[in-house]
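Subject: Structure handover and notes

Dear colleague,

My notes on it come after the structure itself.

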Amino acid sequence: MENKVIIFGLPSAGKTTLSRQIKEKGNSIREEENNVFNINQMILHSAKFLIQDVPGEISIDDSWRMGVPENIILLFVLDTADGARFDQAKNELDKVMNNLNLRSFPLIVCFHKMDLQAAQNNYAKARGTLKLPLIQQREVFFFKTSAITREGIVDLKAKLVELIEQARW
């Protein structure tokens, strides 16, 4: 059974940087970068999975042209410092949440770039715009993250491992 973490969000949200933070101190088995997706196969603790970093310019639907794997974790990255794009980010998130192929998979939302004062100031607005409590038919988790201070990274990695090991979706 293939476990896949699909990282998505708007361009410049910090998806690739966050993906690298997740890989750090994990055991990277295979890394493949191309002009469409960055794919890493890795083992973190005892959990083996693929991390698929979907560039913001690409539709997330392109990431499963070959079929939806059995176990997916959706990881949405929001640049919390960029309040002007919250509505656009919400639209992107809604597209994925409304995809019938993805209804049962867990969602992790990273309120990213929390080392910036603007992100801290925008956090409540970001939570309100995304309306996470209204998302149904799936487990939803959220983390405040920063690639600079590493805030939330350890907890995020632990949650990924937990979800993969339990494969409860």
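The notes below go from the overall fold to single residues.

This is a predicted model, in which local features need pLDDT of at least 70 and side-chain atom pairs count only at pLDDT 80 or more, while totals for chains, interfaces and linings use all residues. Residues are numbered from 1 along each chain as its sequence is written, and side-chain values use heavy atoms, with hydrogens and water left out.

Overall fold

The chain has 4 helices and 7 strands, in the order β-α-β-β-β-β-α-β-α-β-α along the sequence. Helices (H or I, at least four residues) and strands (E, at least two) are DSSP runs, numbered from the N terminus. Of its 169 residues, 51% count as buried; buried means under 20% relative accessible area, exposed over 50%, and partly exposed in between, with a 1.4 Å probe and protein chains only. The chain exposes about 8200 Å², and carbon and sulfur atoms supply 48% of that area. Areas come from the Shrake-Rupley method with a 1.4 Å probe, and for residues only the protein chains shown count as cover. Of the contacts between residues at least 6 apart in sequence, 70% join residues at least 24 apart; a contact means heavy atoms within 4.5 Å.

Rings of Phe, Tyr and Trp (its six-membered ring) pair if their centres lie within 6.5 Å; planes under 30 degrees apart count as stacked, over 60 as edge-to-face and the rest as tilted. Phenylalanine 111 and tyrosine 123 make an edge-to-face pair, with 5.2 Å centre to centre and 80° between the planes. Phenylalanine 111 lies in strand E6 (residues 107-112) and tyrosine 123 in helix H3 (residues 117-130), so this pair ties together parts that are 12 residues apart in sequence. Both residues, phenylalanine 111 and tyrosine 123, are buried.

Phenylalanine 111 also forms an edge-to-face pair with phenylalanine 142, at 6.1 Å centre to centre and 85° between the planes. Because phenylalanine 142 lies in strand E7 (residues 140-144) and phenylalanine 111 in strand E6, the pair ties together parts that are 31 residues apart in sequence. Phenylalanine 111 has a relative accessible area of 0%, whereas phenylalanine 142 is partly exposed at 37%.

The charged end of arginine 127 is over the ring of phenylalanine 142, 3.8 Å from its centre, and that of lysine 144 is over the ring of tyrosine 123, 4.3 Å from its centre. A charge sits over a ring if NZ of Lys or CZ of Arg is within 6 Å of the ring centre and within 35 degrees of the ring normal.

Pocket and cavities

The largest pocket has a volume of about 180 Å³. Its lining has 13 residues, of which Met97, Asn98, Leu134, Ile135 and Gln136 lie nearest its centre. Helix H2 (residues 86-97) gives the largest share of that lining, 4 residues.

The structure also holds 3 cavities of 30 Å³ or more, and the largest cavity contains about 60 Å³ of space. Residues lining the largest cavity include Gly9, Leu10, Phe76, Asp79 and Arg85. E5 supplies the largest share of this lining, 4 residues.

On a 1 Å grid over the protein atoms alone, a cavity is a set of points where a 1.4 Å probe fits but cannot get out, and a pocket is an open set with protein on both sides within 12 Å along at least five of seven lines; lining residues have an atom within 4 Å of a point. Grid points are joined across faces, edges and corners, and a volume is the space filled by probe spheres set on the points.

Single residues

Leucine 75 is in strand E5 (residues 71-79) and is buried, with a relative accessible area of 0%. Among the residues that leucine 75 touches are Val5, Ile7, Leu18, Ile108 and Leu160.

Histidine 112, in strand E6, is buried at 2% relative accessibility. Its contacts include Ala13, Leu18, Val77, Asp79 and Thr145.

Lysine 131 has a positive phi of about 55° although it is not a glycine; this residue lies in the loop between H3 and E7 and is partly exposed at 43%. Arginine 150, also not a glycine, has a positive phi of about 70°. Arginine 150 is in the loop between E7 and helix H4 (153-166), and its relative accessible area is 29%.

Regards

Technical notes. Lists of a residue's contacts leave out its neighbours within four places in sequence.
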